[in-house]
Amino acid sequence: MIKIHKISTKLLIMVSIILLIVFGTSYFLHNYFSADYYLYKMKTKINTIYDEVKDLRLDQLMENESRIENNNNVTIVRVENSGSTAEINENIQFALFKDKVALNKFWITDEVLQKVKQGNTVNLLFNQGKLKSSLLTKIYEQDNSLILIGTVVVHNTDALTLVNQFSFYSILLGIIISLLLVAYFSKKIITPLEQLQDVAKDISNLDFKQVTIQTGDEIEELSKSISQMSQRLKSTHAKLEEKNQSLNTLISSISHEVKTPLSLIQAYTIGIQDGLDDGTYTDIILEQVKYTSDMVDYLIKLSKIQKSEVHKEPFDLKELLLKVISQYNITLKNKNITLMSDFHSLESSIVEEDISQIEIVFNNLISNAIKYGEEDFFEIKLRSDTTRTLKFTISNKTTRLKTEHLAYIWDPFYVIEESRNKEISGTGLGLSIVAEILGKNDLKYESRLEDSYISFSIWFEVKEGILEL
């Protein structure tokens, strides 16, 4: 079985069938029923005139006879309904002749006259042979007179044959022209659809192309939607690829980070079994266990943050910052570190963010400054950057960080120390947690290195009038 796949072919075949059915039906009806329809209309005209005159008296009928004949192209004659049938026929033919209706054949039978005398009307059709016409009549009796209403019915067989032949060729030409037009316009419709099909195939093969079609109809709207979809898929695919790459990097980094302490734990455990412990093996094992435990805790925290929803609410940023700082008072005192702050005179610091996540950000940044700062002080600032923006900045001195490191310090497991000394470098997860939170909260942030001082800045939008303190 042959399968038709192209819409243009289907459309052409469908329209062809419709045209053939419509024009074929029209030709059939015209060819075989037009003569009967013509006779039916003539009979209807005679009946209509009869309905108009049947209730008229003879004098009224004679007064309106000329008007009715001229308006309707009929002939009305009246003869006395007396004498023999032959006499009546002769009188009627003479009356018709006077009205210029010449007949080759006309005869009213006794049976017809009998029906008329009984008050019936009789319809008769007299074929005039070679005259190519017939006389259609309606005969009825009124006041002992026979009234004949007649009209000439032309035999139009020859004319209809010519008309039907002309109609056939006209219909055939019309079908050809219609199919050519259908083929042309269907191509104009199908061509953009084929373009969309090609683009859809490319998109399915991860080739995110776009298409521009200007037809001013739904196809143009569809092309715009497909182009938008392609652009979004391209962006989503790029992000997915980036996430996959980040995931691969993360898995590789986790494997490396876990493998190192486990190898050390294994080596020093064997040393203890072999009696090589100089009294420090247990401390090293515990140190590596603590590092691994801290790393797992960070990973769990990072995973929770990635999965968590952001719940924004208004709060006082300055109060939150003071609360977080107060948690480090004992640590700062024990390490003899001074916190230099510049935000106590700030009047308005109402923001609308996820307070629990922002607290994690402050904790990580402050703990980093305490752990990795190379001086006995670090600085925190919270100032109005514009009338609608607050800028938070924390900075401390570091000689280990270089400018080329700034592009990577937000990545998980990125550490600056090539020796990867855990006391110096840590797990490399703290800043990645900060970046994840700030990204989820749509907050602008940056890191800068100037004169051996590293600073981390975050911008918050001030929400005036949200919270009354």
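The structure is a predicted model, in which local features need pLDDT of at least 70, side-chain atom pairs count only at pLDDT 80 or more, and totals for chains, interfaces and linings use all residues. Residues are numbered from 1 along each chain as its sequence is written, and side-chain values use heavy atoms, with hydrogens and water left out. Helices (H or I, at least four residues) and strands (E, at least two) are DSSP runs, numbered from the N terminus. Buried stands for under 20% relative accessible area, exposed for over 50%, and partly exposed for the range in between (1.4 Å probe, protein chains only).

**Nonpolar cores**

- A nonpolar core is a set of buried Ala, Val, Leu, Ile, Met, Phe, Trp, Tyr and Cys residues joined through side-chain atoms within 4.5 Å.
- The largest such core has 43 residues, and Phe392 and Phe460 have the most contacts inside it.
- At least two residues of this core come from each of helix H7 (281-307), helix H8 (317-326), H10, E8, E9, helix H12 (430-440) and strand E11 (453-461).
- H10 supplies the largest share of this core, seven residues.
- A second, separate core has 20 residues, among them Val77, Val79, Ile88 and Phe126.
- In soluble globular proteins, nonpolar side chains tend to be buried together.

**Phe460 and Glu353**

- Contact is defined as heavy atoms within 4.5 Å.
- With neighbours within four places in sequence left aside, Phe460 is in contact with Leu317, Val351, Glu353, Ile358, Phe362, Arg388, Thr389, Leu390, Phe392 and Leu443.
- Glu353, one of these partners, is found in strand E7 (residues 350-353).
- Glu353 counts as buried, at 5% relative accessibility.
- With the neighbours of Glu353 within four places in sequence left aside, its contacts are His311, Lys312, Glu313, Phe315, Ile358, Asn441, Leu443 and Phe460.

**Helix H8**

- The buried residues of H8 are Leu317, Lys318, Leu320, Leu321, Val324 and Ile325.
- Seen down the axis of H8, these residues fall within an arc of 160°, so they line one face of the helix; the arc is that of the directions from the helix axis to the C-beta atoms.
- At the start of H8, a side-chain oxygen of Asp316 comes to within 3.0 Å of the backbone nitrogen of Lys318.

**Aromatic pairs**

- Rings of Phe, Tyr and Trp (its six-membered ring) pair if their centres lie within 6.5 Å; planes under 30 degrees apart count as stacked, over 60 as edge-to-face and the rest as tilted.
- By this rule there are eight aromatic pairs.
- Tyr268 and Tyr281 form an edge-to-face pair, with 4.7 Å centre to centre and 85° between the planes.
- Tyr268 lies in helix H6 (residues 218-273) and Tyr281 in helix H7, so the pair ties together parts that are 13 residues apart in sequence.
- Tyr268 is partly exposed at 23% relative accessibility, whereas Tyr281 is buried at 16%.
- Trp410 and Phe456 also form an edge-to-face pair, with 5.7 Å centre to centre and 80° between the planes.
- Trp410 lies in the loop between E9 and H11 and Phe456 in strand E11, so this pair ties together parts that are 46 residues apart in sequence.
- Trp410 is buried, with a relative accessible area of 15%, and Phe456 is buried, with a relative accessible area of 10%.
- One aromatic cluster is formed by Phe362, Phe392 and Phe460.

**Salt bridges**

- A salt bridge is a side-chain nitrogen of Lys or Arg within 4 Å of a carboxyl oxygen of Asp or Glu.
- By this rule there are eleven salt bridges.
- Arg67 forms a salt bridge with Glu52, with the closest N and O atoms 3.8 Å apart.
- Arg67 lies in helix H2 (residues 58-72) and Glu52 in helix H1 (residues 7-53), so the pair ties together parts that are 15 residues apart in sequence.
- Arg67 is partly exposed, with a relative accessible area of 41%, and Glu52 is partly exposed, with a relative accessible area of 40%.
- Arg400 forms a salt bridge with Glu374, with the closest N and O atoms 3.2 Å apart.
- Arg400 lies in the loop between strand E9 (389-397) and helix H11 (422-425) and Glu374 in the loop between helix H10 (355-372) and strand E8 (377-386), so the pair ties together parts that are 26 residues apart in sequence.

Notes
Polar contact = N/O pair within 3.5 Å; in protein donor to acceptor, adjacent residues only side chain to side chain.
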